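Please have a look at the sequence and the fold first, and then read on.

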Amino acid sequence: MIGRALIIALCVLALPLFANMALAAGVADMRIVVPSHSIPRGTTISDSDLSYQTVAADSVQAGIVTSMNDLDGMEARRMLRAGEPVRPDDVRKPILVTKGSTVTMNFSAPGITLSATGKAMSEGGMGETVTILNPISYRQISCTVIGAGTVRAGEALSTQFASLQKLKT
């Protein structure tokens, strides 16, 4: 039983070595994602904007996108030229909160829901953290983008509120 497990472990550990040997020998080709036409900066990318291209694996730089799913719904940070490889840094989540815009801050905890306006001090896409200025207290709050012009405040505040509840009981 131990011998069988040892053989399996050695095979699993040796797979990357054999794969690298095949790549070094130029045997394998790799399928990468490329724009099917030039995509201007700021454009939201869909599957119809992309195609696959087969290239020699030894000519591919590290980090090149190989799946259309990684780019679907993303926004081009720069002009993406037709037929050229796309790197993850070339795209980002679409901006839903822009710097300087007025946003709605939502906060909820058990038994309470608050909503207030604030000014975005940074920009961000869905799920990203942005800094919001509270115009009443002039405090800056880290919030999570949950929609266009809407953020959720209180990841840290929720834990503070919960610890206060524990002290109260």
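Predicted model: local features only at pLDDT ≥ 70, side-chain atom pairs only at ≥ 80, totals over all residues.

Arg92 belongs to strand S4, which covers residues 91–92. Beyond the neighbours within four places in sequence, Arg92 touches Met74, Glu75, Arg77 and Glu123.

Next, the barrel. Here 5 strands close up in the order S6-S7-S9-S10-S11, with mixed pairing. From one strand to the next, the twist averages 50°. Strands S6 (residues 102–109) and S11 (residues 150–153) run parallel and are joined by 3 bridges. Met105 has Val151 of S11 as its bridge partner.

Strand S6 also holds Val103. With 1% relative accessibility, Val103 counts as buried. Leaving aside neighbours within four places in sequence, the contacts of Val103 are Val97, Ala116, Thr117, Gly118, Ala120, Ile132, Gly149 and Val151. Val103 and Leu133 lie 30 residues apart in sequence, and their C-alpha atoms are 9.8 Å apart in space.

| Residue | Strand | Relative accessibility |
|---|---|---|
| Val103 | S6 | 1% |

Finally, a word on the rings. The count of aromatic pairs comes to 0. Which ring does the charged end of Arg31 sit over? That ring belongs to Tyr52, and the charged end of Arg31 is 3.7 Å from its centre.

How values were computed: Residues numbered from 1 in each chain as written. Heavy atoms only, no water. Helix = DSSP H or I, 4+ residues; strand = E, 2+ residues; numbered from the N terminus. Contact = heavy atoms within 4.5 Å. Pairing = 2+ DSSP bridges. Axes fitted to C-alpha atoms, helices over the stretch in contact; angles between N-to-C directions. Phe/Tyr/Trp six-rings, centres within 6.5 Å; stacked < 30°, edge-to-face > 60°. Lys NZ or Arg CZ within 6 Å of the ring centre and 35° of its normal. Buried < 20%, exposed > 50% of the residue type's maximum accessible area, 1.4 Å probe, protein only.
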